[in-house]
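Here is a friendly briefing to read alongside the model.

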Amino acid sequence: MKAKSVQQILAPPPAHMVGNGFRVHNFFPNGYDMKPDRMSPFFLLDYNAKMDFSPREIPRGVGVHPHRGFETVTIAYHGAIAHADSRGNQGVIEAGDVQWMTAASGVLHKEYHESSYSRQGGAFQMVQLWINLPAKDKMGFPKYQAIRNTDIPKYELPDNKGDIEIIAGSYRGMKGAADTFTPIELYNIRMKPETKVSLELPAHYNTGILVVEGESFVQEKERAVTDHFVLFRNDGIRIDLETRETSCMLLLMSGEPIPEPIVSYGPFLMNTKEEIIKAIRDVHDGKFGYLED
């Protein structure tokens, strides 16, 4: 069974602020100038590495902004985010939870540090992925999946050595919590010291691993440490992970590429320039609804 070889282990690119509440490292598509389809169906990975925010009465965050043509997936590790959109969806994402928003034909959205977290401050760590939609689904009706940590199936590793949370896809017969438009595997993998895990993923799937905490040895010899991203080639199906002296938390993302053109502009991800122009016009004409900032 041929192993997927490691193409590169990427250090976190320089951080930048999104609004005043998210200090993110953009691994792709801009951080390492990857081609837009290199990690398809994943288009963007923004990673707010673990940091402390000082207490603040007025929550930090990002005001009202539009999305069309893709899904945003926010995974919380520390801290809490309150969000709302122009379709009437709202809620709070706490540590361990996942917010899976299908923007599709278009929504206005806002997200801020949850008010009680903001008042006390403290550790904050989040991941946001943008997942492309096939052309046939880009103008579908928006939807929202609020996924609590307690609703995420967990595969317990032997000998109490950790677990695998299946956010999407399936692992050893356990189906993930999220519904997806194209085949996607998205797992949180926790491993205690001196633990081994093997995964099998189709060779043509684009695959990467973000080291959220600790360190792991990948394919026996490649050492990946906190806040780094492991990019795999599309040349095999097996991934071997191992911890030695320390534990780790890994976010694995793998998916079947969408073989369609990609044209992006700001918060829009479409197939043609004309569709981008229409998205801008539709926002201006109020077709994305209304959301108070």
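## A strand pair to start with

Strands β14 and β17 run antiparallel and are joined by six bridges. Helices (H or I, at least four residues) and strands (E, at least two) are DSSP runs, numbered from the N terminus, and two strands pair if DSSP finds at least two bridges between them. This is a predicted model, in which local features need pLDDT of at least 70, side-chain atom pairs count only at pLDDT 80 or more, and totals for chains, interfaces and linings use all residues. Residues are numbered from 1 along each chain as its sequence is written, and side-chain values use heavy atoms, with hydrogens and water left out.

**Around β14**

- Strand β14 (residues 162-168) is mostly covered, with seven of its seven residues buried; buried means under 20% relative accessible area, exposed over 50%, and partly exposed in between (1.4 Å probe, protein chains only).
- Strand β13 (residues 154-156) also pairs with β14, in the antiparallel sense and over three bridges.
- In that pairing, Glu156 stands opposite Asp163 in β14.
- β13 and β14 form a hairpin with five residues between them, and Asp159 in the turn has a positive phi of about 60°.

**The whole protein**

- The secondary structure comes to two helices and 25 strands.
- Of the 293 residues in the protein, 53% are buried.
- The C-alpha atoms fill a box of roughly 55 × 45 × 35 Å, taken along the principal axes.
- The protein has a radius of gyration of 19 Å, which agrees with the value near 19 Å for a compact globule of 293 residues; the radius is taken over C-alpha atoms, and the globule rule is 2.2 Å times the number of residues to the power 0.38.

**A sheet of seven strands**

- An open sheet of seven strands has the order β2-β3-β4-β11-β6-β9-β12, with antiparallel pairing.
- β2 and β12 (143-147) stand at the edges with a single partner strand each, so one side of each is left without a neighbour in the sheet.
- From one strand to the next, the twist averages 25°; axes are lines fitted to C-alpha atoms, for helices over the stretch in contact, and angles run from 0 to 180 degrees between N-to-C directions.
- Strands of a sheet pair through backbone hydrogen bonds, either parallel or antiparallel.
- Which strand is largely enclosed by the rest of the structure? β11 is, because nine of its eleven residues are buried.
- β4 and β11 run antiparallel and are joined by nine bridges, and the bridge partner of Phe53 in β11 is Gly122.
- β6 and β11 pair over eight bridges in the antiparallel sense, with Gln128 in β11 as the bridge partner of Thr74.
- Strand β6 (residues 70-78) is joined to strand β9 (residues 98-102) by five bridges, and the two run antiparallel.
- In β9, Thr102 is the bridge partner of Glu71.

**The largest pocket**

- About 490 Å³ of space lies in the largest pocket.
- Of the 26 residues that line this pocket, the closest to its centre are Val18, Leu44, Asp46, Gln128 and Trp130.
- On a 1 Å grid over the protein atoms alone, a pocket is an open set of points where a 1.4 Å probe fits, with protein on both sides within 12 Å along at least five of seven lines; lining residues have an atom within 4 Å of a point.
- Grid points are joined across faces, edges and corners, and a volume is the space filled by probe spheres set on the points.
- Strands that each supply at least two lining residues include β2 (16-18), β3 (22-28) and β11 (122-132).
- β4 gives the most to this lining, with five residues.
- By class, the lining has 14 nonpolar, ten polar and two charged residues; Ala, Val, Leu, Ile, Met, Phe, Trp, Tyr, Cys and Pro count as nonpolar, Asp, Glu, Lys and Arg as charged, and the others, Gly among them, as polar.

**The second largest pocket and Arg238**

- The second largest pocket holds about 180 Å³ of space.
- Its lining includes Tyr171, Tyr187, Leu199 and Arg238.
- β18 gives the most to this lining, with three residues.
- By class, six nonpolar, two polar and four charged residues make up the lining of the second largest pocket.
- Arg238 is in strand β22 (residues 238-242), and counts as partly exposed at 24% relative accessibility.
- Arg238 and Ile276 are 38 residues apart in sequence and 38 Å apart in space, C-alpha to C-alpha.
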